[in-house]
Amino acid sequence: MKILIADDHELFLKGLEMVLSDFFPQAELVKARNYDDIFAALEKQKDFNLLLTDLAMPGARWLDALKRIHEQIPDTPIIILSAVFDREIVQKTLELGAAGYVPKTSSNAVILSAVNLVLSGGVYIPPELLQGTSQNEFDMLKQLENVPENQDPSEKAKILTPRQIDVLRLIAKGASNKQIAYELGLSEGTVKLHVTAILKLLNVYNRTGAVAAATQLGLLGKND
C-alpha cells in the first residue's frame, strides 16, 4: 500500500506519519509539505492507494489543486485533514472528488476510522456538519445519527433501503464504486454514501465484511 500525506506543518505531518505507520506497518508513506510537492510526487508515481492532505497549503489555491489532483489520480481516494470547519467548504471538496473530510482536532481513532471507511469505498463527513443540511446525499448519512450504536445488526439492517440492497448485491459481485454507479444510474459520490451507510448499519469495516454479514442476515441470496 502507498499513501501520500501532505501538510505544511511539520509537527502535524510527523504525527500523522507515526499514526499511519503504527496502523499500516507495511505501507509506503510519501510525504509532501505543499501542493508543489504533491504534484511532484504524482509526476513520479500515480499508484497511490490513498491521499491525505491539508487544504490550505502553499503552492496553489485549494480549489484548483483538488481539481488537478483528482484529474491526475481519479481512482485514488482523497481525505482532507483541515483546521477549516465549514459546511460549504466540506461540500465543495466532496464535489471536487474528495472522499472524506476530517477536522485536525479529531482523535487518532477518528482519523483511522475515516481512513478505513474511505478505503472500503465509503465517504467520511464529520457528524457535526450534517446538522441542518437539506441536500439529499447529506440526508442519507444524517439518517444514521439516531441509530443506537449498541443496536443489534439485524435490527439496523432493516433500515437499509432497497437501493442500498441493490448496492450490496453489486458489491457481492465484486463491482467497484464506478461500476455500481454506472449500473444503477447514480453518481459515484452517491454510491460512496450508500457504502458508508451499509458498513455502519451492518456494523462492519469493509466490503467483504458487509457481504458476509448481509448473507448471514438473509439480505443476499445464493444467486446474488
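Predicted model: local features only at pLDDT ≥ 70, side-chain atom pairs only at ≥ 80, totals over all residues.
The protein chain has 224 residues, of which 46% are buried. Its secondary structure consists of 11 helices and five strands. Among contacts between residues at least 6 apart in sequence, 63% join residues at least 24 apart.

The largest nonpolar core contains 42 residues. Within this core, Ile3, Leu20, Leu52, Leu168, Ile180 and Leu202 touch the most other members. Helix H5, residues 108–119, provides the largest share of the core, with six residues. A second, separate core has 26 residues, including Leu4, Ala41, Leu55 and Ile125. The surroundings of Leu52 were examined with its neighbours within four places in sequence left aside. On that basis, Leu52 is in contact with Ile3, Leu4, Ile5, Ala6, Leu16, Leu20, Ile79, Leu81 and Val115. Of these partners, Ile3 and Leu20 are also listed among the residues of the largest core that touch the most other members, whereas Leu4 is a member of the second core.

Helix H5 was considered next. Its buried residues are Ile111, Leu112, Ala114, Val115, Leu117 and Val118. The elements that cover these buried residues include helix H1 (10–23) and helix H10, together with strand S3 (50–53), strand S4 (78–82) and strand S5 (100–103). At 1.5 Å a residue, the 12 residues of H5 should span 16 Å, and this agrees with the separation of its end C-alpha atoms, which is 16 Å. After H5 comes Gly121, which has a positive phi near 100°.

Helix H10 also takes part in a helix pair. Two packed helices are described by the angle between their axes and the distance between the axes. For helix H9 (residues 177–184) and helix H10 (residues 188–201), the axes come within 9 Å and cross at roughly 110°. Angles of 65 to 115 degrees count as roughly perpendicular, and H9 and H10 are therefore roughly perpendicular to each other. On the H9 side, the contact involves Asn177, Lys178, Ile180 and Ala181. These residues meet Glu188, Val191, Lys192 and Val195 in H10. The residues of this contact comprise four nonpolar, one polar and three charged.

The loop between H9 and H10 contains Ser187. Ser187 counts as partly exposed because its relative accessibility is 38%. Ser187 and Asn177 are 10 residues apart in sequence, and their C-alpha atoms are 9.3 Å apart in space. Asp75 and Asn177 are 102 residues apart along the chain, and their C-alpha atoms are separated by 9.8 Å. With a relative accessibility of 60%, Asp75 counts as exposed.

A further residue, Lys92, lies in helix H4 (residues 87–95). Its relative accessibility is 33%, so Lys92 counts as partly exposed. When its neighbours within four places in sequence are left aside, Lys92 is in contact with Trp62 and Leu63. Leu63 is 29 residues from Lys92 along the chain, and the C-alpha atoms of the two residues are separated by 8.5 Å.

Note on methods
Residues numbered from 1 in each chain as written. Heavy atoms only, no water. Axes fitted to C-alpha atoms, helices over the stretch in contact; angles between N-to-C directions. Helix = DSSP H or I, 4+ residues; strand = E, 2+ residues; numbered from the N terminus. Parallel < 35°, antiparallel > 145°, perpendicular 65-115°, else oblique. Contact = heavy atoms within 4.5 Å. Nonpolar A, V, L, I, M, F, W, Y, C, P; charged D, E, K, R; others polar. Core = buried A, V, L, I, M, F, W, Y, C linked by side-chain atoms within 4.5 Å. Buried < 20%, exposed > 50% of the residue type's maximum accessible area, 1.4 Å probe, protein only. Expected span 1.5 Å × (residues − 1).
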